[in-house]
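Here's a quick briefing to read alongside the model.

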Amino acid sequence: MQTAIEQYLIRNTPYYRTVADEVELYEAAYSVRMPMMLKGPTGCGKTRFIEYMAWKLGKPLITVACNEDMTASDLVGRFLLDASGTRWQDGPLAIAARFGAICYLDEVVEARQDTTVVIHPLTDARRVLPLEKKGELVQAHPDFQLVISYNPGYQSLMKDLKQSTKQRFGALDFNYPAHAIETEIVAHETGVSAEIAGKLVSIAERARNLKGHGLDEGISTRMLIYAGSLIAKGVEPMAACRVTLVRPITDDPDMRDALDAAVSTFF
Ligand SMILES: Nc1ncnc2c1ncn2[C@@H]1O[C@H](COP(=O)(O)OP(=O)(O)OP(=O)(O)O)[C@@H](O)[C@H]1O
């Protein structure tokens, strides 16, 4: 089974551009195995950060994309029927707890509350995971750590983490990086020049000001990387931006015009 966990080790150094003191803070939190919450809008670097930290710490990383249909069994495990009868199969959270991985639950707020509560006994001093159907109590491996991501923009009264869940985590805030740093990231990830990357970032900054004024979410670093990748492939910048920055985020014709106009001031 040791080899099965090894598939979750990150072998190549992920490119992560440090933005502030997040690396030191995370290392300190990991050293006391504090459960952590990475807060910030979609596509701003949370996943890349946790990949980088898992690599730096030399720990396996098990990522679970949460959704509203997810049940506790999807995290913890279930009995399966096969030719030789029933057998237990650990879910990703149980594997991480047993073998000492970092378990990253992406967008945990999407999961139903009866699913979320299974993480509670793992996030306090007990550090245990009860496999109720199997009748086993897994004592978490000393290296195990739980990390969740959380987009504060998406929460509503109906859909939010309970205080009893939130208060089990330390939290690091993420946001789109400052202009020069985001330009560096876009240039690095796509191969476009710093000049083009800088223009893409400027377009995003304009669009981010429209958040809450007709746009639900700003243009993310991820979208800029899509735009840069197309431009690097020779696609004309205006067309690349339309496909990757404007069309995906709004269907409103006026908003599309406003964003197209922002693009044309730079390209
Ligand atoms: N600080 C950074 N250093 C290096 N790359 C970055 C950084 N910030 C963002 N990126 C780039 O942006 C892309 C999107 O970031 P990432 O996938 O980490 O977003 P996320 O915040 O986890 O989004 P989601 O909440 O939707 O999962 C990454 O693939 C990476 O290329």
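**Helix packing and the ligand shell**

Helix α11 passes α12 in a right-handed crossing (right-handed if the near helix is turned clockwise from the far one by less than a right angle, left-handed if anticlockwise). Keep in mind that this is a predicted model, where local features need pLDDT of at least 70, side-chain atom pairs count only at pLDDT 80 or more, and totals for chains, interfaces and linings use all residues. Residue numbers start from 1 along each chain as its sequence is written.

**Helix pairs**
- α11 (residues 237-246) and α12 (residues 253-266) pack at about 140°, with axes 10 Å apart (axes are lines fitted to C-alpha atoms over the stretch in contact, and angles run from 0 to 180 degrees between N-to-C directions).
- That angle makes α11 oblique to α12 (under 35 degrees is roughly parallel, over 145 roughly antiparallel, 65 to 115 roughly perpendicular, and the rest oblique).
- α8 and α10 have axes that come within 9 Å and cross at roughly 45°, so this pair is oblique too.
- α8 also passes α10 in a right-handed crossing.

**Around the ligand**
- Of the 21 residues around the ligand, Thr42, Gly45, Lys46, Thr47 and Arg48 come nearest (a residue counts if its C-beta atom, placed from the backbone, lies within 6 Å).
- The elements giving two or more residues to this shell are α3 (46-57), α8 (179-190) and α10 (221-232) (helices are DSSP runs of H or I, at least four residues, numbered from the N terminus).
- Domain 1 (2-173) and domain 2 (179-266) each supply at least three shell residues, with bounds from an automatic or database assignment.
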